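User: Please look at the structure shown here and work through a few points about its fold and its helix packing.

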Amino acid sequence: MPPSRRFAVLLALTAGLLLPASAAFAHEEREVTLPDGTGSVPAYRTAEPDLLVCKSDLADFRRRIAGFPEDLKTRNIRLFEKCQQDGFRHLQEAVDKVDRPGMTIGILPGLYREEPSQAAPSGACAALPARWSVWGYQILSYEQQQQCPHNQNLVAVLGKKDLQIEGTGADPLDVVIDAEYRKLNAIRADRADGIYFRNFTAQRTTFNAVYILETDGFVIDRVLGRWTDEYGFLTFASDHGLYTDCEAYGNGDGGLYPGSASNINEGRGHDVTRYAIEIRRCKSHHNALGYSGTAGDSMYVHDNEFYANMVGATMDSLWPGHPGLPQNHARFENNKIYDNNADYYRYLRDGTCRKPPAERGYERGVVCPQVGVPSGTGILVAGGNYNVFANNEVTGHRRAAFQLFGVPAVIRGEDDLAKQADTSNHNRYEGNRFAGNGLDVWWDGQGTGNCFQGDTGRSTPAVLPVCGDRAPALSGGSSRLLAEPVKLAKLYLCADFSAAEARLPAGCDWFGASGLGKLEAQLALGGSIVLGLLAILFAARARHGTLLNMRARSNARTKSEVRSRSNVLGRPDVRNATLGVSGTLPDAPGVSGAESDVRDPTPGLHDQAPARRHSIILLAATAAGLLGLALDVVAAVADAPVLAGLAVLGLGAWMLALGLLLRRARPVFGWFTAVIGLLGLADAADRLVHLIPAIPLSPGWIRGLLTGIWVLWAVVVLAPRPSRTRGEERHAPKVLA
Amino acid sequence: MRRTLTLGARLCLAVRLRLAARLSQVACLCVAACLCLAACGPQSTTHHRPGTAHDVVTGPATPAPGQAHAEITITRGRVSPPPGWLEVAEGSPVTITVTSDTPDELHVHGYDIKAGLPAGKPVTVRFTAGLTGVFAVETHRAKLVLTQVAVR
């Protein structure tokens, strides 16, 4: 590894270590293996069901189907009669009767509470030798799931191949499988290659409505998943999947969560041969997240609607233990993503989410968010690569249409230095339609090869890399290993969210901080006060000529007799022995300090004109700096990236001018100040004009770090101390004596 | 005099060095404190603790006797809160209040209760849950499911 790369990686690792280590998993599960990919997406079979499930109350059944179209009603009546003869009263009973691949189970309209599966574990099932997760459930092996299928699942489909389970009603609400918060999952399909779910509702669980695990080939078709602690649909470590025409709402994490889909495009750049899972025509709304994608690899997500969530869709590399990290290759196309501005954190604040799930009121619209996210965002990428967002309609988000930031690998439990900057890179945003968003793009500035469409509106940073016609072409790109410093500080603060402790970090605007209450504003205000005071002090010292001139001091030692004579003449020589705006300012050769005294004992005839010029320059620069500092606060309060750029410009101009004016009086400090000023100007250009390519850190990082040192140094420079002038003045009478 | 000046300069330098050293110490302490906070601070946990979620049994969601009530708003074709689930004990009184931004007709299936929904005016239907089962409450014109009444 080249030294520069090693240094950069160390920086990334340092930043990663500064982030709080998050909980071990987004969800906890047994060790899983991704399918070998030899399966296929199952096709819907229209033949009559092999097995039927129904209830026995004919009057209730007739009421349920009363509004059906005539042919559907006739079919259901026929199926009901057959079911009364040889059908089952509970879905699990029918599943247990499946004895060959390719069978179909028809569920007739009704409420399925699965009473035989409801009981708490007893006997050997209550004492399984398995680890308990920190979330209060056991991590069971597949064999233990087989042994005790209802410890965690209302309905368990274990190892069945090519099974189709469908409701025979007119829509998903006609068949309801209700776990009543007694189980983690309403339906679990585990190693069930070829499973096809269609036309029913699964609801009220403490984990997932429908859970598909280690399965090659599945379809979720016209299924509604609602009111869970976590996910409407969780499909994990699976391949050849299809979500179609589904709906999810009232879930505390993602309505749809295609986690750890087969990682089949790793290392292929933008050259994708096939996607592992397709999601189309689904509606996901009123969840914490419409779509959640930790390790959501090789996803094709199109023609869906994600709305009224806190965030429309996320994909991330935040959680250890998920196969396929870092997340890569999700393609979002032609989706409508709008009005994801819900604030469900109020239910954490008011204690609603501390109640047992059955008492929280999910059915009345309560959502208990399990994740800390920037509500008011369309699509959030928190560590992902080679994702493409094309031709989506992303509208009405009070915060941002798109957010993109990187996540060091150490967060997901990988401490290999070479991996620390492996997200977020090569993500493309093309042809999307924006309207009514606070920002169109919020990007932390980290990563390589990311690009955005040319017609992006308001964004931070204000200038962005622009995508070329074909991937991976882009212009104005950058390659930064770390996020912008203030954004990184904000992410660090916001990551301290805890649903378990209802901890909503104060200062993070994701959770309601606003105005000067925001971390960014507080940092800007604190920095501005310190720098503003220093700016005023420098200006005042310079104006009053009390800033020590090293050259004058040196001259004073050799010309002390002349000085003494001047004092004898009764002229106060403070100005001549000091630097400020008079005497020894740069660009006033031959007019500096004691030398001028030697040539002209009458003060000010030579040095007053340039001194006045320098005074004006410094005052103007100080005014620009103070304006910049004020703008910085306003920009932070108002989330105005252009103002922030102008603020840095003003600040840079002040420091550059101050440094140049000080460079003869205090060469090292002066040049140091000027360099920071130049970095400020570079930072401003980076923010407002063009991202500076080929630098591993934004100018803001270097500027910020050096400014910290500068502040300490400036305090030392400005600290009151006995001056030589006073010493000389004190001793002058002695000479006379 | 030269000697006096030299001493003064030394004194000056000493004061400044001490001040700089103190500032440096303060800065180091701040950095160390930040690092310590980062390393030793509370770890982020995003999910509920045992006993409030993922518990195997948290208690049945059985309906309590007494009046059941739902308040529903329809705005631009969207139902708020999203289509719900109203658990009702058999024989209990039920009231459902609906406000729609467009004129429509409310229908409680099974009980066959219908009510007009004038735009912008809340309408309340009341009935006693005499039939068991799950009954959809819908609007006829917009064909929206507002809630399901589960009577047990």
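The questions and answers below concern this model, which is predicted.

User: What does the secondary structure of chain A come to, and what percentage of the residues in chain A is buried?

Analyst: By secondary structure, chain A of this predicted model comes to 18 helices and 38 strands. Of the 737 residues in chain A, where buried means under 20% relative accessible area, the buried ones make up 61%.

User: Which residues of helix α8 in chain A are buried, and why are they on the same side of α8(A)?

Analyst: Helix α8 of chain A spans residues 485-494, and its buried residues are A:Lys487, A:Leu488, A:Lys490, A:Leu491 and A:Cys494. They are placed on the same side of α8(A) because, around the axis, they cover an arc of only 160°.

User: How are helices α16 and α17 of chain A oriented, parallel or antiparallel?

Analyst: Two packed helices are described by the angle between their axes and the distance between the axes. The axes of α16 (residues 667-688) and α17 (residues 699-718) of chain A come within 9 Å and cross at roughly 150°. Angles over 145 degrees count as roughly antiparallel, so α16(A) is, relative to α17(A), roughly antiparallel.

User: What is the handedness of the crossing in which α16(A) passes α17(A), and which residues meet there?

Analyst: The residues of α16(A) that meet α17(A) include A:Phe669, A:Phe672, A:Ile676 and A:Leu679, while among those they meet in α17(A) are A:Ile702, A:Leu706, A:Trp710 and A:Trp713. As α16(A) passes α17(A), the crossing is left-handed.

How values were computed: Residues are numbered from 1 along each chain as its sequence is written. Chains are lettered from A and ligands numbered from 1 in the order in which they are written. This is a predicted model: local features need pLDDT of at least 70, side-chain atom pairs count only at pLDDT 80 or more; totals for chains, interfaces and linings use all residues. Side-chain values use heavy atoms; hydrogens and water are left out. Buried means under 20% relative accessible area, exposed over 50%, partly exposed in between (1.4 Å probe, protein chains only). Helices (H or I, at least four residues) and strands (E, at least two) are DSSP runs, numbered from the N terminus. The arc is that of the directions from the helix axis to the C-beta atoms. Axes are lines fitted to C-alpha atoms, for helices over the stretch in contact, and angles run from 0 to 180 degrees between N-to-C directions. Angles under 35 degrees count as roughly parallel, over 145 as roughly antiparallel, 65 to 115 as roughly perpendicular and the rest as oblique. A crossing is left-handed if the near helix is turned anticlockwise from the far one by less than a right angle, and right-handed if clockwise. Contact means heavy atoms within 4.5 Å.
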